[in-house]
Amino acid sequence: MSFSELGLDPLILKSVLAAGYENATPVQMQAIPAALTGRDLLVSSHTGSGKTAAFLLPSIQRLQAEPTVKSMGPRVLVLTPTRELALQVEKSAMTYGKDLRRFRTACLVGGAPYGLQLKRLSQPVDVVVATPGRLIDHLERGKIDFSRLEVLVLDEADRMLDMGFVDDIKAIAARCPAERQTLLFSATLDGVVGNLARELTRDAQRIEIEAVPQKESKIEQRLLFADNMDHKNRLLDALLRDVDMVQAIV
Ligand code: AMP
């Protein structure tokens, strides 16, 4: 399905095409039109499925409308389990939002100096991508204001729970406006993720994307019987001389 059929704004469509995307992936086909209605979503999808664009494009599209609340705080907040993922998500946001007027992002992750993060927060910001721990630090210091927050995204929610962020996530969600849109993405929607989803979303639409089956492994396994140590060494010597064998573990 082409991106032009998903209901995206021409400015955002332009940045998607400039990024080299031609067709929407399954998670984008389902999640983008659903998120554009403003509903909460629970989406099961994997890394590599195109999930980042699936939550960023409809969220960035909301920024086209003027905010109803006057504040400098973020209108879209994305929580991710790791600093690396946060940086990737912020980079994608900058790609998709590059043609929007005064579009600003901030990435609040641990292990990075506070100074630059505080400087970003001292000016109006549209999209904040954060890891839960560092965001809590900023909240406790009163450095971030969620009064105009419209969308809360939990990216890789299952990994955030595995990493022990459940209380931080709940504390952050409790500070977000109740009438926000919540988009939860996770490899699985069962178990503890399901419990968290029930707590944080309202009348959410569930979208389940089947994982693409792993390609058949190209690893060949062989069992060689050695009569004694000398034989074992000769077998090893033969393997090492085999020019057809590019990589092997013995
Ligand atoms: P993600 O699952 O969001 O981490 O995306 C995986 C990779 O796929 C990223 O490098 C994206 O830039 C790329 N990607 C996302 N959507 C599309 C698309 N519709 N067509 C081609 N590449 C895409």
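**Questions on a predicted model**

Student: In this predicted model, does L196 count as buried or exposed?

Tutor: L196 has a relative accessibility of 2%. Because a residue under 20% relative accessible area is classed as buried, the value for L196 places this residue in that class. L196 therefore counts as buried.

Student: In which helix is L196 found, and which residues does L196 contact, leaving aside its neighbours within four places in sequence?

Tutor: L196 is found in helix α9. With its neighbours within four places in sequence set aside, L196 is in contact with L154, L161, V166, I169 and K170.

Student: How many Å separate the C-alpha atoms of L196 and L184?

Tutor: L196 and L184 are 12 residues apart along the chain.

Student: Why do the buried residues of helix α8 line one face of the helix?

Tutor: Helix α8 covers residues 166-175, and its buried residues are I169, I172 and A173. An α-helix has 3.6 residues a turn, so residues three or four places apart point the same way. Seen down the axis of α8, the buried residues line one face because they fall within an arc of 100°.

Student: Which exposed residues does the face of α8 turned away from its buried side carry, and which elements do the buried residues of α8 pack against?

Tutor: The face turned away from the buried side of α8 carries the exposed residues D167 and A174. On the buried side, the residues of α8 pack against β2 (76-79), α6 (132-140), β5 (151-154), α7 (157-162) and α9 (191-200).

Student: Where does F55 lie, and what is its relative accessible area?

Tutor: F55 lies in helix α3, residues 51-62. Not counting residues up to four places away in sequence, F55 touches V78, V89, V153, D155, L183 and F185. F55 is buried, and its relative accessible area is 0%.

Student: Which residues is H138 in contact with, leaving aside its neighbours within four places in sequence?

Tutor: H138 has its place in helix α6. This residue is buried, with a relative accessible area of 0%. Leaving aside its neighbours within four places in sequence, H138 is in contact with L108, Y114, Q117, L118, L121, K143 and I144.

Student: Does R75 count as buried or exposed, and from which residue's backbone oxygen does a polar atom of its side chain lie 3.4 Å?

Tutor: R75 is found in the loop between α3 and β2. At 3% relative accessibility, R75 counts as buried. Among the residues that R75 touches are E66, D126 and E150. A polar atom of the R75 side chain lies 3.4 Å from the backbone oxygen of R62.

Student: What is the phi of R102, and what is the phi of E156?

Tutor: Most residues other than glycine have a negative phi. R102 is not a glycine, yet its phi is positive, at about 50°. E156 is not a glycine either, and its positive phi is about 55°.

Student: Is R102 buried or exposed, and is E156 buried or exposed?

Tutor: R102 sits in the loop between α4 (83-96) and β3 (105-108), and E156 is found in the loop between β5 and α7. The relative accessible area of R102 is 64%, while that of E156 is 6%. Accordingly, R102 is exposed, whereas E156 is buried.

Student: What percentage of the area that the ligand exposes when taken alone does the protein bury?

Tutor: An oxygen atom of the ligand is 2.5 Å from an N or O atom in the side chain of Y21. A nitrogen atom of the ligand is 2.8 Å from a polar backbone atom of N23, and a polar side-chain atom of Q28 lies 2.8 Å from a nitrogen atom of the ligand. Taken alone, the ligand exposes 490 Å², and the share of this area that the protein buries is 64%.

Note on methods
Residues are numbered from 1 along each chain as its sequence is written. This is a predicted model: local features need pLDDT of at least 70, side-chain atom pairs count only at pLDDT 80 or more; totals for chains, interfaces and linings use all residues. Side-chain values use heavy atoms; hydrogens and water are left out. A polar contact is a pair of N or O atoms within 3.5 Å; within protein, one must be able to donate a hydrogen and the other to accept it, and residues adjacent in sequence count only if both atoms are side-chain atoms. Accessible areas come from the Shrake-Rupley method with a 1.4 Å probe; for residues, only the protein chains shown count as cover. Buried means under 20% relative accessible area, exposed over 50%, partly exposed in between (1.4 Å probe, protein chains only). Helices (H or I, at least four residues) and strands (E, at least two) are DSSP runs, numbered from the N terminus. The arc is that of the directions from the helix axis to the C-beta atoms. Contact means heavy atoms within 4.5 Å.
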